[in-house]
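Here is a short report for a reader new to this structure. Please look over the sequence and the model before reading on.

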Amino acid sequence: MDIHNRVFGFKIIFLVSVSILLNESSKCSTSGVMDDEQFKTMVEEVDNHLPSSSSSQGVYELNDVIEDKWLMVAKKGNQFVINDQPFYVNGFNTYWLMVFAADQSTRGKVTEVFQKASSVGLSVCRTWAFNDGQWRALQKSPGVYDEDVFKALDFVVSEANKYKIRLILSLANNWDAYGGKAQYVKWGKASGLNLTSDDDFFSHPTLRSYYKAHVKAVLNRVNTITNITYKDDPTIFAWELMNEPRCTSDPSGDKLQSWITDMAVYVKSMDAKHLVEIGLEGFYGPSAPDRAQFNPNSYATQVGTDFIRNHQVLGVDFASVHMYADSWISQTITDSHIQFTKSWMEAHIEDAEKYLGMPVVFAEFGVSSKDPGYNSSFRDTLINTVYKTLLNSTKRGGSGAGSLLWQLFPDGTDYMDDGYAIVLSKSPSTSNIISLHSTRVAIVNSMCSWKCKWGCKKRNPLEAFLYHDDL
């Protein structure tokens, strides 16, 4: 089906949904508040008219639907905006898309991921725009690229556009997977540099120049499928400087701060249109000792990152936070994981509002099926907690701008599963939770764009649907 027909189809579905919600409001009690049965009926009626999780049509982000245009995401205060209207994110991670696209035998899985994500209304995908010196490397050596792999990244961007999914493209890795900063150090040593630590990546001028050359190559890449330069393509939501940067050799944070300052301005000097984020996990550092209480452990204060200070750098547009209670608190599943997740989110939302004046995206979160005590019900509870905390922020116009699940997989890719994979066809309850949150986010975005007023004295039935405790 033509993309415009799909978008038009969702317009009709959405208008029907709003009509149902308004119709149900007439059945409310005289207090203007629905009882549980009325709410349940309303949700069921809406769900009956929304695309099912098995549909390939998908739920599209409604700011674009209304305009029928594919516009660049921007930032206004503590919110993302499209065409000057708020845009809240419900998204996911699938890091390996470029590598899969580089092989014709697995390329179809890239399309399948976007189809499945679209079917439950996910609107943003975070993925790697790097693979340094490894198997199917994009960058084989400093400044030398495999054109076939670059064409694979072109395909990823092109397919994302077809399914109206925006991309956060990460430009390097702190970890060894896909090369990482260790590969840059190997290249530096091979060229005769005297390097003693992988953290020299952040400080040595030659290694900085290698990284900048990669940034330049990606941002100036002309997509061989769409003929659009990456830095001009609204399919790209944002550039991420690095996945989970840490600099443990300098707990003061000065070395990493210097690198972030240099690279954020460098990216912006080349591409002022796109948003930029760092890729941090969100640990509090020396500049905010009173916030260290929210860190998951004492070690987190010593890894060279500093959430508030790092995000005050010129050129950084929004904050990123990751959440892994099963890695940071304890591997065994306990209720404390849920409590930590909620307090971790609320602390960072508060800081983004109070100190940073920018949106915050919880860019990785999940739980591993390999954890002792794991069950799918716990995963659903975790996801519900994240979504509810974000909706509470949205309700008051706060900085909680969205979240990205780690991670969404298509069928038949179990061999890639790190324990965190969500396969929608095998997880109907999780799929339904994601789909409902996508619907709520889409309604909030479109209602904001219609400048709907929320100040009436009686409780709006739409508000009840959006913010009801039971997701």
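What volume does the largest pocket have? It has a volume of about 330 Å³. This is a value from a predicted model. The pocket is lined by 17 residues. Closest to its centre are Asn-243, Glu-244, Glu-364, Trp-406 and Asp-418. By class, the lining holds 10 nonpolar residues, four polar ones and three charged ones.

Next comes the sheet. Eight strands form an open sheet with parallel pairing. Their order is S10-S9-S8-S5-S4-S13-S12-S11. Strands S10 and S11 stand at the edges. Each has a single partner strand, so one side of each is left without a neighbour in the sheet. On average, neighbouring strands are turned by 25° against each other, direction ignored.

Strand S9 covers residues 236-240 and runs parallel to S10. Three bridges join S9 and S10. Glu-240 stands opposite Glu-277 in S10.

The cysteines are the last topic. How many disulfides does a search of the whole structure find? The search finds zero. Two cysteines can be described by their accessibility:

| Residue | Relative accessible area | Class |
|---|---|---|
| Cys-125 | 0% | buried |
| Cys-247 | 0% | buried |

Why does Cys-125 count as buried? Buried means under 20% relative accessible area, and Cys-125 has 0% relative accessibility, so Cys-125 falls in that class. Cys-247 is buried too, because its relative accessible area is 0%.

How values were computed:
Residues numbered from 1 in each chain as written. Predicted model: local features only at pLDDT ≥ 70, side-chain atom pairs only at ≥ 80, totals over all residues. Heavy atoms only, no water. 1 Å grid on protein atoms, 1.4 Å probe; cavity = no way out; pocket = protein on both sides within 12 Å on 5 of 7 lines; lining within 4 Å. Points joined across faces, edges and corners; volume = space filled by probe spheres on them. Nonpolar A, V, L, I, M, F, W, Y, C, P; charged D, E, K, R; others polar. Pairing = 2+ DSSP bridges. Helix = DSSP H or I, 4+ residues; strand = E, 2+ residues; numbered from the N terminus. Axes fitted to C-alpha atoms, helices over the stretch in contact; angles between N-to-C directions. Disulfide = S-S within 2.5 Å. Buried < 20%, exposed > 50% of the residue type's maximum accessible area, 1.4 Å probe, protein only.
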